Amino acid sequence: MGKSFEQYQKQKLISSYFSVVLSIALVLFLLGTLGLLVINTNKMADHFKEQITISIFLKDEAKESEIDQLQKNLLQQEHTKSAVFVSKEDAAEQHSEEIGEDFQNFLGYNPLKNSIDVQLRANFVTPQEIDSLATNLAKKSYVEEVSYDKPLVDLLSENVKRISFWVLIACGVLTFIAILLINSSIRLSIYSKRFIIKTMQMVGATKTFIRRPFIWMNIKLGILGALTALLALTGALYYLNQTFPELELFKDVEQLGMLYGAIFVLGIFISLVSTFFATQRFLNLRTDELYY
């Protein structure tokens with residue numbers, strides 16, 4: 001009879017630990033998935049930003065030395081990703097391919113201009129930065145015109161801000177829910193030992209002495225839950241990378257490492273804090289209150 005009861009208690013304890021680990025793992029996996037979404041949303045936004053082209057159209061009398069100097073100066077700038085010279089002949093050939101006929105035969109001449117196509121780094125693609133750059137370039141005597149898709153830049157900038165705001169809200173809400181769920185799981189596991197806690201307190205054990213084994217046990221469970229979440233996240237990442245290789249999910253190792261580290265630390269931190277307050281609550285209860 002005693003062995004049967006002891007076995008039952010062991011099974012109950014294992015089941016309690018398993019539910020805590022599972023709760024932590026599921027919540028941290030969801031947080032990790034959201035973190036991946038944030039990282040790749042930024043990547044996609046940066047990709048689209050860097051596709052925006054600023055075309056610097058040059059006057060026919062512009063000297064070759066002036067054009068070369070302008071191109072070199074642009075390439076040396078921190079904000080420039082690329083600066084490519086496009087001759088009027090190349091532009092005419094490309095335009096003819098796009099419309100399906102040689103417009104020069106119809107017009108009798110080539111109306112296009114030599115140009116330098118500039119693409120900026122994502123951090124500098126803002127309406128203010130591009131407008132300032134275009135204004136400075138237009139002041140040069142050999143520059144005919146500086147052209148870019150202003151409505152697209154404005155729209156892209158506004159959408160990135162809007163998406164970033166809502167993703168930030170979602171991160172905050174999900175983190176709060178994660179803390180509540182993990183806290184509830186840990187509190188329930190400690191609730192079953194409330195009588196042991198009170199008994200130890202009654203025989204003279206200090207609060208620190210009573211609290212310590214619970215904290216260490218739940219930190220271990222937090223680590224186990226975090227590792228489980230990271231394994232599941234790695235599996236999901238591998239599957240998505242195999243299915244959609246163009247996303248290059250494993251390319252930015254540094255950001256992935258930071259995300260994995262944050263999930264691991266969060267699992268330990270939430271377990272530590274939740275255990276501390278849960279044990280503190282039962283330590284402060286009167287004996288008659290343990291039955292409610």
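This is a predicted model: local features need pLDDT of at least 70, side-chain atom pairs count only at pLDDT 80 or more; totals for chains, interfaces and linings use all residues.
1. At 28% relative accessibility, D154 counts as partly exposed, where buried means under 20% relative accessible area, exposed means over 50%, and partly exposed lies in between (1.4 Å probe, protein chains only). The side chain of D154 meets that of K150 in a salt bridge, with 3.4 Å from N to O; a salt bridge here is a side-chain nitrogen of Lys or Arg within 4 Å of a carboxyl oxygen of Asp or Glu.

2. Residues are numbered from 1 along each chain as its sequence is written, and side-chain values use heavy atoms, with hydrogens and water left out.

3. Side chains of opposite charge can pair when their charged atoms come close. A search of the whole structure finds 3 salt bridges, and one of them joins E50 to K81, with the closest N and O atoms 3.1 Å apart. Because E50 lies in the loop between α1 (2-49) and β1 (53-58) while K81 belongs to strand β2 (residues 80-86), this pair ties together parts that are 31 residues apart in sequence. Helices (H or I, at least four residues) and strands (E, at least two) are DSSP runs, numbered from the N terminus. E50 is buried, at 18% relative accessibility, whereas K81 is partly exposed, at 39%.

4. Another salt bridge links K113 and D60, whose closest N and O atoms are 3.4 Å apart. K113 sits in the loop between α4 (103-107) and β3 (115-120), and D60 in the loop between β1 and α2 (64-76), so the pair ties together parts that are 53 residues apart in sequence. K113 itself is partly exposed, with a relative accessible area of 25%.

5. Which residues of α2 are buried? They are I67, L70, Q71 and L74, and they cover an arc of only 95° around the axis, which puts them on the same side of α2; the arc is that of the directions from the helix axis to the C-beta atoms. These buried residues pack against β1, β2, β3 and α5 (127-138), contact meaning heavy atoms within 4.5 Å. The face turned away from the buried side carries the exposed residues K72 and Q76.
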